[in-house]
Amino acid sequence: FNAAKLQHRFSDGAPESYSSAEHSCLAVISTGAPVKRVYGVETLEISDRAINLSRVPVALLDSHNQTTIDNVLGRVTEAWVAGGKLHGRIIFAQTPRGKMAEAMVARGEISSLSAGYSIEKWEARDADGNKVDPDRAGWGDNLTFTATRWTLAECSLVGVPADALAMIRSLDGHSDDATAVEDARVRMMCRERMNLRQRMLEAQASFSDTRH
């Protein structure tokens, strides 16, 4: 458990890519990390061939909420693929909620992002890596679905991202992948320990009930 790294991650203040003059920052929008869905594991292919960026600039939303314009916190003005990641430049809206989001990013209080997208083409593989027909695949077949053609529709600031490496960029404009992976591992260990403690407490309570 690396407490020093965890404290460092959440106490740095503004990411170095943040510009108060331009109300902007750089971000990693997606790394295509696998996400568990009800139908299997979903991943995104990150390549110029796979990603349709024709809708950029796209909105920066609050937690994918598209119901009102109040939820628009800014926009992604540019997006590009580099190093196996989808990067973007964010400009915050100078509205009350946009300024609030910008201030939270500037203070280092939030950095997680999530891509909103539509998928035009899938590729499905089984647990052995063999291709299967995605239209005939059933739920619970332990399949991985990879979006091989998808369109970026929006980007959202979120409290808990599905992709742990999607975040506001720092460290001279380079995302600190090593720190992000370590922090994700620390969070996972904490959750595992909390779950283990909860199971032990439940087991003790159950044992106590049987004795009475």
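**Pocket, helix and cysteines: a conversation**

Colleague: What is the make-up, by class, of the lining of the second largest pocket?

Modeller: In this predicted model, the lining has nine nonpolar, five polar and three charged residues.

Colleague: How much space lies in that second largest pocket, and which residues are closest to its centre?

Modeller: About 200 Å³. There are 17 lining residues, and V35, R37, A115, Y117 and A162 are the closest to the centre. Two or more lining residues come from each of β1 (24-30), β2 (35-37), β3 (40-44) and β8 (113-125). The largest share, four residues, is from β8.

Colleague: Which residues of helix α2 are buried, and why are they said to be on the same side?

Modeller: Helix α2 covers residues 96-106, and its buried residues are G98, A101, E102 and V105. They span an arc of only 100° around the axis, so they sit on the same side of α2. The general rule is that an α-helix has 3.6 residues a turn, so residues three or four places apart point the same way.

Colleague: What covers those buried residues of α2?

Modeller: The cover includes β6 (72-82), β7 (85-92), β10 (144-157) and β11 (167-168). Just after α2, G108 has a positive phi of about 75°.

Colleague: Why are C25 and C155 called buried?

Modeller: Buried means under 20% relative accessible area. C25 has 1%, so it counts as buried. C155 has 0%, so it counts as buried too.

Colleague: What makes the phi of H23 worth a remark?

Modeller: Most residues other than glycine have a negative phi. Phi of H23 is near 55°, a positive value, and H23 is not a glycine. H23 lies in the loop between α1 (3-9) and β1. H23 has a relative accessible area of 26%, so it is partly exposed.

Colleague: Where is H64, and why is it called partly exposed?

Modeller: H64 is in the loop between β5 and β6. Its relative accessible area is 30%, so it is partly exposed. H64 has a positive phi of about 65° and is not a glycine.

Colleague: What makes the bond between V56 and P57 cis?

Modeller: Omega is about 5° there. P57 is in the loop between β4 (51-52) and β5 (58-62). Most peptide bonds are trans.

Note on methods:
Residues numbered from 1 in each chain as written. Predicted model: local features only at pLDDT ≥ 70, side-chain atom pairs only at ≥ 80, totals over all residues. Heavy atoms only, no water. 1 Å grid on protein atoms, 1.4 Å probe; cavity = no way out; pocket = protein on both sides within 12 Å on 5 of 7 lines; lining within 4 Å. Points joined across faces, edges and corners; volume = space filled by probe spheres on them. Nonpolar A, V, L, I, M, F, W, Y, C, P; charged D, E, K, R; others polar. Buried < 20%, exposed > 50% of the residue type's maximum accessible area, 1.4 Å probe, protein only. Arc of directions from axis to C-beta. Contact = heavy atoms within 4.5 Å.
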